[in-house]
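Trainee: I have a model open and want to learn how to read it. Can we begin with how helices pack?

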Amino acid sequence: MTKRLEAVLERFRSLTGEENFRLSFLHHLRYSCGKDRATATLEDKYVSLALAVRDRVTQHMVATQQAYHDQDVKRVYYISMEYLVGRLLSKNLVNLGILDLVRHALARLDCDLDELAQVERDAALGNGGLGRLAACFMDSLATLGYPAYGYGILYEYGLFRQEIGNGWQRERPDPWLAVGNPWLLVRPEHTVLVPMCGRIEHAPDRTGADNPMWLDWAAVLGEPHDLPMVGYGGKTVNLLRLFKARASNDFDMEIFNNGDFVRAVQQKVSSENISKVLYPMDLVEAGRELRLRQEYFLVACSIRDIVRRYRKRHRDWSAFPDKVAIQMNDTHPALAVAELQRFFVDEAGLDWDRAWDLVTRTLGYTNHTLMAEALEKWPVDLVERLLPRHLEIIYGINQRFLDRVRAEFPGDADLVRRVSLIEEEPERRVRMAHLAVVGSHAVNGVAELHSRLLRQTVLADFERIQPGKIGNVTNGITPRRWLLCCNSGLADCIRRRIGDEWAADLDALKQLMQWERDPEFHAELRAVKNANKQRLAAFLRAAGGPRLNPATLFDVQAKRLHEYKRQLLDALHIIDRYLALREGAGPNGPPRTFLFAAKAAPGYLLAKLIIKLINNIAVVVNRDRRTRDSLQVFFLPDYRVTLAEALIPAADVSEQISLAGCEASGTGNMKFALNGALTVGTLDGANIEIRDAVGAENFFLFGMTVDEVQALQERGYSPGDVVANSPRLARVLDAVRADLFSKREPGVFEPLLRRTLDEGDPFMVLADFEDYCRVQEEVDRVYANPEEWDRRVVCNIANMGRFSSDRSIREYAEKIWGIRPVAVPATPRRD
């Protein structure tokens with residue numbers, strides 16, 4: 001090493017962390033963006049900042065991957081169609097422990113960290129709770145030091161960007177990658193080839209055994225892009241690998257030269273559609289086909305990458321389940337069962353039984369729903385056309401499984417029909433949830449009630465065949481994103497009382513119970529909540545949104561729009577409250593601002609009509625001088641992680657009002673409670689466990705239980721009888737029918753009236769209406785007593801330790817995956 005180089009390195013080592021970071025930022029501004037400080041835009045500065053942070057992340061990322069390789073540890077591979085990771089800059093700074101350092105370094109350059117952080121676009125990689133859960137799990141896996149990889153699709157446009165026009169949801173593309181993303185690391189050397197379509201030809205091999213050959217297939221390439229997942233403390237950095245679809249032949253020069261310019265790029269366009277959008281609308285055949293292509297593309301890319309990693313250290317397949325755990329996040333990746341079996345049989349040359357043993361010891365399946373519509377079933381003819389070899393594999397799995405069922409339960413033909421992987425009527429379809437269950441060594445639900453109902457209803461036959469296979473791991477949330485990052489005021493308030501331990505051990509919040517009745521602590525919490533309301537109001541104003549009154553009670557329902565989540569029940573209660581206030585007979589409680597945020601699936605017309613109703617109610621209520629000081633309603637468009645980070649800390653009341661027995665778990669309920677909102681909820685999903693944890697007296701309970709819902713269904717539920725016995729409800733429905741909220745569009749809400757009255761009110765909105773109104777009056781009474789309200793807030797925050805995703809991940813690691821934390825050195829080894 002020359003003396004000059006030694007001097008440079010010594011000078012570099014002598015710099016403080018702040019000086020070092022400042023130089024790194026300026027380096028990227030000049031050499032990565034090609035700008036100086038005078039010409040740089042905010043976008044340039046954000047990119048330079050992110051790249052400077054990524055440099056530090058990369059050090060730990062390389063050290064982490066080296067440790068996994070050198071120690072040859074068992075790893076878990078998490079396959080999910082969604083990862084709702086949100087913005088990464090602030091979270092990475094917090095997890096690396098350099099937030100204040102970077103803030104000060106930028107201030108010396110006249111740059112404001114908060115301003116630059118607002119430039120970052122939310123990663124459009126998910127929709128709702130499923131994707132947010134996956135993102136929380138990736139955070140916890142890295143924080144706890146578990147060897148893990150996530151697999152997903154790099155969607156170019158995500159789900160959609162939601163706009164509201166005349167009260168209606170309008171879907172717009174969300175081009176979050178239009179200017180690139182500084183966190184992504186492209187890995188073209190690991191691009192995989194994915195075959196689709198074609199035909200299967202059977203012929204004997206040289207030993208006389210059957211040799212299925214997949215011929216005339218079309219190829220799609222999966223190009224991996226790595227998104228580093230930084231654990232709290234910064235030592236472990238795992239990878240979320242996202243695959244982008246590319247054509248194997250981008251451009252046919254011969255066709256182009258013959259003048260058919262469109263057909264020359266047809267294959268490229270068709271192939272790359274696979275990673276364009278999340279969940280293409282499946283009301284039409286083309287949408288259904290694209291969705292199946294997406295699911296197979298994800299699975300095929302993931303399995304090939306997993307095999308490649310395994311083969312780095314192992315030539316024999318016998319150790320595969322000892323080194324690999326694969327978790328299917330819901331039914332979307334269920335084709336992993338058929339793909340892994342196909343690989344072992346067709347490519348690795350294993351006999352069927354040995355291959356199946358490896359598959360079932362490797363795979364695990366998390367079920368996230370009791371709703372039949374979400375337990376995917378694909379038409380056999382569609383699977384045969386796109387994945388002919390996989391359909392043969394599925395038939396083989398089914399035959400052997402049903403033979404076993406017939407042997408163990410002779411004469412029970414109905415059981416055989418119910419558990420078959422193939423549904424015969426009304427059309428032949430592949431039952432993907434059944435495939436996932438049969439191909440996994442462990443199946444779990446995501447809340448105690450959900451898992452019990454799985455065993456008793458949806459998967460009862462499988463529980464009978466294999467008792468104990470279906471377990472429970474209750475969902476959780478990461479306290480780093482959902483408290484430390486999004487609610488710094490509350491985090492500081494907690495830190496002053498009990499220190500920082502809670503960020504990595506949420507059970508430490510239990511210590512706050514000693515201040516349950518402390519007036520000074522209550523005052524601090526009220527000040528934090530008011531500041532968060534002011535912050536939300538400013539956030540919305542900056543985006544051209546509504547003006548909120550922070551002096552009101554903020555009542556929030558923010559989640560995916562679905563009938564079972566019962567945003568309609570919330571809307572009907574608001575109408576009831578409005579009618580009473582208009583007549584001077586309204587509740588004597590505090591002024592309330594009702595805030596909704598939700599996206600409806602593009603093809604879900606009733607859900608979109610509920611959004612329209614909420615917006616129309618808001619127009620009428622907010623313009624009425626008689627009531628607007630006591631009641632306001634706003635629908636906040638384009639719900640996403642960044643909006644949630646502003647909305648959740650500002651909420652006083654959290655609406656978790658699904659019909660009992662419909663919600664698998666929910667994680668929004670956990671986020672709101674952790675941030676000091678009190679829950680109005682049914683005994684559904686994780687609400688039950690939250691109520692048990694925080695205390696029944698600190699939870700606003702209403703509605704029927706699962707048993708009461710089932711009993712009412714068995715007796716024969718009559719919505720008309722409910723209305724006949726409730727003048728209050730009848731008046732609300734009459735107001736909707738009389739077009740009080742649709743003067744210029746008479747009859748527009750008639751489908752909602754038909755749904756609730758003529759079509760049986762499938763989610764029993766009307767049946768729970770009176771009790772819902774009762775509990776809302778209870779909310780008014782308690783909020784009028786600040787001392788009691790604040791006591792309940794403390795009890796909610798202090799008792800949320802069980803709902804950390806760190807606890808969830810430890811349970812998966814111990815009960816299902818069989819993996820252990822790995823110690824990662826602070827720096828990578830030198831090459």
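Mentor: Start with a pair. Helix 24 and helix 31 are roughly perpendicular to each other (65 to 115 degrees; under 35 is roughly parallel, over 145 roughly antiparallel, the rest oblique). Helices here are DSSP runs of H or I, at least four residues, numbered from the N terminus. One caution: this is a predicted model, so local features need pLDDT of at least 70, side-chain atom pairs count only at pLDDT 80 or more, and totals for chains, interfaces and linings use all residues. Residues are numbered from 1 along each chain as its sequence is written, and side-chain values use heavy atoms, with hydrogens and water left out.

Trainee: Which residues of helix 24 and helix 31 make the contact?

Mentor: Contact means heavy atoms within 4.5 Å. Helix 24 brings Leu 572, Ile 575, Asp 576, Leu 579 and Ala 580. Helix 31 brings Arg 728, Arg 731, Val 732, Leu 733, Ala 735 and Val 736.

Trainee: How are two packed helices described?

Mentor: By the angle between their axes and the distance between the axes. In this model, the axes of helix 24 (residues 567-582) and helix 31 (residues 727-737) come within 9 Å and cross at roughly 95°. Axes are lines fitted to C-alpha atoms, for helices over the stretch in contact, and angles run from 0 to 180 degrees between N-to-C directions.

Trainee: What is Leu 133 in contact with, leaving aside its neighbours within four places in sequence?

Mentor: Tyr 78, His 368, Asn 475, Gly 476 and Thr 667. Compare a C-alpha separation: Leu 133 and Leu 512 are 379 residues apart along the chain, and 26 Å separates their C-alpha atoms.

Trainee: Where does Ala 618 lie?

Mentor: In helix 25 (residues 605-623). Ala 618 is buried, with 7% relative accessible area. From Ala 618 to His 225, 393 residues apart along the chain, the C-alpha separation is 43 Å.

Trainee: Now salt bridges. How many does a search of the whole structure find?

Mentor: A salt bridge is a side-chain nitrogen of Lys or Arg within 4 Å of a carboxyl oxygen of Asp or Glu. The search finds 75. Take Arg 293 and Glu 289, which meet at 3.1 Å, N to O. Both lie in helix 11, four residues apart, about one turn of the helix. Arg 293 is buried at 19%, and Glu 289 is buried at 17%.

Trainee: Are Arg 428 and Glu 424 buried or partly exposed?

Mentor: Arg 428 is partly exposed at 37%. Glu 424 is partly exposed at 47%. Their side chains form a salt bridge of 3.0 Å, N to O.

Trainee: What about Glu 788 and Arg 792?

Mentor: Their closest N and O atoms are 2.8 Å apart, in a salt bridge. Both are in helix 34 (residues 786-798), four residues apart. Arg 792 is buried at 10% relative accessibility. Salt bridges can also share partners: they join Arg 187, Asp 226, Arg 241, Asp 305, Arg 308 and Arg 309 into one network.

Trainee: Last, the surface. Which residues make the nonpolar surface patch of about 280 Å²?

Mentor: Met 281, Leu 283 and Val 284. Patch residues have over 30% relative accessible area and no salt bridge; like charges are joined within 9 Å, nonpolar side chains (Val, Leu, Ile, Met, Phe, Trp, Tyr) within 5 Å. Areas come from the Shrake-Rupley method with a 1.4 Å probe; for residues, only the protein chains shown count as cover. Met 281 is partly exposed at 42%. Met 281 is in the loop between helix 10 (266-272) and helix 11 (285-311).

Technical notes
Helix = DSSP H or I, 4+ residues; strand = E, 2+ residues; numbered from the N terminus. Buried < 20%, exposed > 50% of the residue type's maximum accessible area, 1.4 Å probe, protein only.
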